[in-house]
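Good morning, and thank you for coming. I would like to walk you through one protein chain, which is now coming up on the screen.

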Amino acid sequence: MLNRLIKFVAVMVLVVSGHAVAADNTSLQHFGVSATLGYISESFLQQNTQWEVPERVYAAAALASIPGLVKELSDPVFDTEDMAYNVAGALFGAWVGQHFNKYVFVGFERDDDMNASAIGFKLKF
């Protein structure tokens with residue numbers, strides 16, 4: 001029962017993050033995009049490094065915060081509230097990834113023979 005609940009929560013977090021991008025509230029958009037990037041960054045680091053928690057979560061959050069920082073630096077006025085939502089979303093997404101990647105995993109593959117790349121999404125039941 002607990003495993004099903006964990007799987008459900010993981011999927012719902014991804015869905016809510018996706019809907020946040022479509023919202024009118026810019027703070028929610030910053031949080032949603034950064035949460036998604038945090039999850040993807042944590043998944044990538046978990047697959048490709050030997051780092052342990054909490055270093056991997058912090059590194060994933062830092063990586064996921066970079067696009068938000070670049071965006072804020074390119075704006076006429078740096079908005080600290082938007083940046084706070086970027087960092088909070090990135091930390092949240094990395095935390096979710098760290099806890100739920102044993103059930104939900106995003107993988108990246110490159111096949112040079114076929115000149116193709118793939119992003120895979122797996123659910124463990």
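Let me begin with P54, which lies in the loop between α2 and α3 (55–74). Helices here are DSSP runs of H or I with at least four residues, strands are runs of E with at least two, and both are numbered from the N terminus. The peptide bond that joins V53 to P54 is cis, with omega at about 10 degrees.

A word on the source: this is a predicted model, in which local features need pLDDT of at least 70, side-chain atom pairs count only at pLDDT 80 or more, and totals for chains, interfaces and linings use all residues. Residues are numbered from 1 along each chain as its sequence is written, and side-chain values use heavy atoms, with hydrogens and water left out.

Now the overall layout. The protein chain contains 4 helices and 2 strands, in the order α-α-α-α-β-β along the sequence. Of its 125 residues, 33% are buried; buried means under 20% relative accessible area, exposed means over 50%, and partly exposed lies in between, with a 1.4 Å probe and protein chains only.

Helix α2 covers residues 26–48 and reaches 33 Å from its first C-alpha to its last. Its buried residues include H30, Y39 and E42. Helix α4 has 21 residues and reaches 30 Å between its first and last C-alpha. Among the buried residues of α4 are D82, M83, N86 and F100.

I turn to charged pairs. Side chains of opposite charge can pair when their charged atoms come close. A salt bridge here is a side-chain nitrogen of Lys or Arg within 4 Å of a carboxyl oxygen of Asp or Glu, and the count comes to 3. Where do the partners R56 and E42 lie? R56 is in helix α3 and E42 in helix α2, 14 residues apart. Their closest N and O atoms are 2.5 Å apart, and both R56 and E42 are buried.

K71, E72 and D75 form a network of salt bridges. The N to O distance is 3.8 Å for E72 and K71, and 2.6 Å for D75 and K71. E72 counts as buried because its relative accessibility is 0%, whereas K71, at 36%, counts as partly exposed.

Key:
Expected span 1.5 Å × (residues − 1).
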